[in-house]
Amino acid sequence: MWDTARMDVKRVVDVIRVDPARPGGRTPVEKAPDPELGTAVIPAERYYSEEFMKLEWERVWTKVWLLGGRADDIPEPGDYICTEIGKESVLIVRQADGSLRCFPNVCLHRGNRLRPEGIGKATEFRCMYHHWTYGLDGRIERLPDLCTFPQGGPPGMTLRSLPCTEWNSFVWFSLNPEVEPFDDYIAPLKDHLEPYHPERMAWKRDVTVEWDCNWKASVDAFNETYHVQGIHPQLLWYLDDVNVQIDCYERHNRYLIPFATISPRVAMPSTIPPAIDEIMRNAGMDPADYEGRVGDIRRDVQRFKREHGPAQGKDYSALNDDQLTDDYHYMIFPNVALNVHADDILMFRQRPHATDPNKMLYDVWVFELVPEGEPWPERVKHRRFKHGDRSIGQVLDQDAHNLPTVQLGMQSDSFPGLWIGEQELRIRHFHKVLDDYIYGPGGKGPDDI
Amino acid sequence: MDLGLQGKKAIVVGGARGIGYAVAEVLAREGCDVALSARGEDSVKDAVAALSRYGTRVVGKPVNVKRADDYKAWLDWAIEALEGVDVLIPLSSASGGIGSEKYWYNAFETDVMGPVRAIEAVIPTMTEQQRGAIVLVSTTSALEAMGGPQAYNAMKASLITYGKQLALAHGKDGIRVNVVSPGPVEFEGGNWDMIKGTMEKFYQSQLRQQPMGRLGRPEEIARAIVFLASDAASWCNGSHLVVDGGFTNRTHF
């Protein structure tokens, strides 16, 4: 852990945190030992090289478990999610018995896509070209003029089945038929994330933006808090970007950021900042009635939510006190970032472009707790646009702002690679995990990018 | 020009930060003994420690102005600790806020009753010695629209009226009462410091409206306040001085 007193700060803050021995919830809070990852430059070439992109495709995207969508979008038999990753597209389909199946979204006849990307409801999947028709289980139910195919129908008369599963309100799939069990892959995050009960939260935003950068530049952008002082000055009156706990696990990682507090980088104000005022109102407190100091608000919001949550139809019983205010930010390898909070989840799926390493798809998924007894809101519509065409909110606009120029700068002959500090340990960890997939565990050589 | 503040005894309510601290500092530098308050024990301690370097007697104790009994006891303590009082500058404030009725009570109790109770506490001593100076601190937000309709602006406005009435009533006893209305003032930890960080566009729009292209500094307000509190301003009574770098649009005929 870095010495906060020697950083560019105005104050030294001793953050009160829950006791790791008795956090009061299921999510572990103890600090994981920091991995020894050295101080080497992370080669810039991996952000724009088509060759590296190919390696990523062969050794990562087609090997790992991937986030497909939200399980409550497909509650009934025939409901499906059609989602794309790189050049592939899959259908994740709810079966008659309630289970899930996943198939490549491609007709076995001439290769047409069976469905466009999105969610939908089907009794069968009929190709728009020659009307080859597949059942919900992927079997070919109708092949017009089958007698004119002397070789018969494709093997087994069925679409290939891909691994898929449902966990914590989300559906996951893999392009790798040999993929390890999902439980092994996601470990140790089940205990971490299940207490947030995402199934009690409803869609609030569903946006996809085409960003002009490599997908890893986006992953990096959300994997450190060092940038807050650079691009989010307003958040310095909202969170503590200095006293951040970083935990790296086998392939996933996280950091814990105190929210509803003032960054040590600015002087403590005597009036309540607007964003913290909003946190208090959302919790049901009246900021005008608050007699404590601004530095005490975080603890007092925690206490207030703990006491009044049940009456507001909000069951926080599985969460510890810090989780009632703070941002626990997880990165699920390779491409999911989640800001999990007691009342909402803000999550990003970062997908590579099908052919261009300088582009990516950035999915913003926001879910909000629906208090018990309140009606479940209608699902928001998915929107898709290009970088900069529309605002995706002040903070995310700020995050997005530098990425195209980062991507350009990466390609300069004068830029060997990323010069990473301790506050950016998660970036180093992510690239180490990536290296192990690409080159085999510990197999990255000195000349490898 | 001699301000004639050497050896005077001054009470500054809300004197640990911002304009209040700057007032306490100018007073101490000019040779006044100072009693100051703030809500937090640490901030009082820090302010007292910092101001002691001027070699006058500086004392402080935390108090919440909204707790009437505690506050009255604090005022009695301050007068006793200083062994008298020549200058009173009460400037603690609840600051702004829109959306809750409670903001009206907060502003009333802190911005209005804070000065009112302090004045009631010092008037007997000042009357007895036939000498005293009180400066109330209002705001240019009382004069022109700023930040939307809110209790802070309206409650601060009442001090301008009340100050004039006090001046008329107590002039015969050698007690002068004046009002200073500062424009936007920026200092570390202050509201405009936070606005600069959290609402940069709004901050820039305010800068553009400033004839001198910047916001005020606490000591620039403090010097005007201390002048009115000093013997150098012996003929200023019932006056209202706007100190805003020319920010307000209205002409003060």
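**Close-up views of a predicted two-chain model**

View: Arg94(A) stands opposite Leu100(A) in β5(A). This is a predicted model: local features need pLDDT of at least 70, side-chain atom pairs count only at pLDDT 80 or more, and totals for chains, interfaces and linings use all residues. Residues are numbered from 1 along each chain as its sequence is written, while chains are lettered from A and ligands numbered from 1 in the order in which they are written. β4(A) pairs with strand β5 (residues 100-104) of chain A in the antiparallel sense, over five bridges. Strands are DSSP runs of E, at least two residues long, and helices are runs of H or I, at least four residues long, both numbered from the N terminus. A pair of strands needs at least two DSSP bridges between them. Five residues lie between the strands of this hairpin, and Gly98(A) takes a positive phi near 90 degrees there.

**View: β4(A) and its other hairpin, with β3(A).** Six bridges join strand β3 (residues 79-85) of chain A to β4(A), again in the antiparallel sense. Glu84(A) has Ser89(A) of β4(A) as its bridge partner. Two residues lie between the strands of this hairpin. In the turn, Gly86(A) has a positive phi of about 55 degrees. Strand β4 (residues 88-94) of chain A has five of its seven residues buried, so it is largely enclosed by the rest of the structure. A buried residue has 20 or more other C-beta atoms within 10 Å of its own, an exposed one 12 or fewer, and a partly exposed one a count in between; the C-beta atoms are placed from the backbone.

**View: the open sheet β2-β11-β10 of chain A.** This sheet has three strands in that order, with antiparallel pairing. β2 (65-70) and β10 (164-167) of chain A are the edge strands, each pairing on one side only. From one strand to the next, the twist averages 30 degrees. Here the axes are lines fitted to C-alpha atoms (for helices, over the stretch in contact), and angles run from 0 to 180 degrees between N-to-C directions. β2(A) pairs with strand β11 (residues 170-174) of chain A over five bridges, in the antiparallel sense. Gly69(A) stands opposite Val171(A) in β11(A).

**View: the open sheet β7-β8-β9 of chain A.** Three strands make up this sheet, and their pairing is antiparallel. β7 (125-126) and β9 (140-142) of chain A stand at the edges with a single partner strand each, so one side of each is left without a neighbour in the sheet. β7(A) and strand β8 (residues 133-134) of chain A run antiparallel, joined by two bridges. Arg126(A) has Thr133(A) in β8(A) as its bridge partner.

**View: the surroundings of Gly25(A).** Gly25(A) sits in the segment before β1 (42-43) of chain A. It is buried, with 20 other C-beta atoms within 10 Å. Leaving aside residues up to four places away in sequence, Gly25(A) touches Pro195(A), Ala318(A), Leu319(A), Asn320(A) and Gln323(A). Contact means that the C-beta atoms of two residues, placed from the backbone, lie within 7 Å. From Gly25(A) to Ser218(A) is 31 Å in space, C-alpha to C-alpha, and 193 residues in sequence.

View: Domain 1 of chain A gives nine residues to the contact, and domain 2 of chain A gives eight residues. Strand β17 (residues 344-352) of chain A supplies three residues, the largest share of the domain 1 side. That side holds five nonpolar, one polar and three charged residues. Nonpolar means Ala, Val, Leu, Ile, Met, Phe, Trp, Tyr, Cys or Pro; charged means Asp, Glu, Lys or Arg; the others, Gly among them, are polar.

**View: where chain B touches chain A.** The contact takes 15 residues from chain B and 16 residues from chain A. On the chain B side, α4 (102-129) and α6 (191-198) of chain B are the elements that give two or more residues. α6(B) contributes the largest share, five residues. By class, the chain B side has two nonpolar, nine polar and four charged residues.
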